[in-house]
Amino acid sequence: MSMTPAEVREYARQHDMITTAGHAPGFMQANLLAVPQEYAFDFLLFAQRNPKPCPIVGVLEAGQYSSELLPGGDIRTDIPGYRVFENGELVAEPADAREYYNDDIVSFLIGCSFTFETALQDAGIKLPHIEQGKNVAMYKTNRACKPAGVFSGPMVVSMRPIPEDRVVDAVRIASRYPSVHGAPVHIGDPASLGIADLSMPDFGEAVDIPDNHVPVFWACGVTPQAAVMDSKPGLAITHAPGKMLVTDIKDSEYLIP
């Protein structure tokens with residue numbers, strides 16, 4: 001049974017979820033990067049220079065834990081899983097991040113490609129990771145992001161196998177959602193992105209590629225986590241890959257004609 005965004009957030013406070021893909025269809029999902037104020041401008045500039053993998057859809061100022069994206073909610077509890085980095089090292093993966101937040105933390109919400117998956121499915125394009133009950137597969141690439149301040153690192157991509165005869169449709173549909181990564185960055189041979197083995201994703205789970213399907217790669221909001229690991233800021237709090245904030249904003253708000 002389909003849940004509302006508020007119900008997904010409530011469920012996430014109490015339960016583990018493999019992924020939020022497919023939940024609350026029709027509503028925008030978002031990635032999280034939260035950092036102390038001393039790093040906030042650097043990341044804002046990093047996102048501005050790298051809009052494809054880091055499209056910012058909202059910012060919660062220091063000490064702010066709710067917004068119109070999650071009315072009545074709490075950014076520290078309403079994501080199914082978090083990751084905490086200290087000096088670039090993963091030190092914890094809590095289900096509740098309140099212990100790590102303080103009133104100096106600024107939270108950036110970054111558009112997620114799960115947002116346009118409903119539109120792909122509505123067009124009859126089946127998504128194997130959802131059908132297989134898996135998290136989407138994500139990979140570090142050989143494409144460097146433009147650095148800004150303390151932040152630098154590789155672009156991360158998410159991969160979805162698309163039927164050969166529907167690739168053009170998938171590109172057309174996704175391109176109408178530029179605020180949540182938009183059109184793919186690559187189609188076909190993963191080696192062109194420096195990906196040696198699709199069965200070994202850096203984040204998420206390997207997805208079985210059905211016959212007559214082509215791997216299609218979208219810029220991914222896990223890119224800030226790769227930047228954190230490369231750049232080593234003192235503290236960063238993120239979502240666990242594939243476990244997103246489900247917002248109250250409809251996908252259609254990000255659809256361009």
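Author: Happy to! This is a predicted model. Let's begin with helix α2, where Y39, A40, D42, F43, F46 and A47 are buried.

Reader: Nice. What covers the buried residues of α2?

Author: The cover includes strands β1 (27–36), β2 and β5 (105–111), along with helix α6 (223–231).

Reader: And how far apart are the end C-alpha atoms of α2?

Author: They are 19 Å apart. With 13 residues at 1.5 Å a residue, α2 should span 18 Å, so the two values agree.

Reader: Is F151 buried or exposed?

Author: Buried: F151 has a relative accessible area of 1%, and the cut-off for buried is under 20%.

Reader: Which residues does F151 touch?

Author: Leaving out residues up to four places away in sequence, F151 touches Y39, D42, F43, F46, A227, V228, S231 and P233. Y39, D42, F43 and F46 are among the buried residues of α2. F43 is 108 residues from F151 along the chain, yet their C-alpha atoms are separated by 6.7 Å.

Reader: Now the outside. Which residues form a nonpolar patch on the surface?

Author: That patch is made by F41, L44, I56 and V59, with about 340 Å² of accessible area together. Helix α2 (37–49) and strand β2 (56–60) are the elements that give two or more residues to it.

Reader: What does I56 count as?

Author: I56, which lies in strand β2, counts as partly exposed because its relative accessibility is 31%.

Terms used:
Residues are numbered from 1 along each chain as its sequence is written. This is a predicted model: local features need pLDDT of at least 70, side-chain atom pairs count only at pLDDT 80 or more; totals for chains, interfaces and linings use all residues. Side-chain values use heavy atoms; hydrogens and water are left out. Patches are made of residues with over 30% relative accessible area and no salt bridge: like charges are joined within 9 Å, nonpolar side chains (Val, Leu, Ile, Met, Phe, Trp, Tyr) within 5 Å. Accessible areas come from the Shrake-Rupley method with a 1.4 Å probe; for residues, only the protein chains shown count as cover. A salt bridge is a side-chain nitrogen of Lys or Arg within 4 Å of a carboxyl oxygen of Asp or Glu. Helices (H or I, at least four residues) and strands (E, at least two) are DSSP runs, numbered from the N terminus. Buried means under 20% relative accessible area, exposed over 50%, partly exposed in between (1.4 Å probe, protein chains only). Contact means heavy atoms within 4.5 Å. The expected span of a helix is 1.5 Å times one less than its number of residues.
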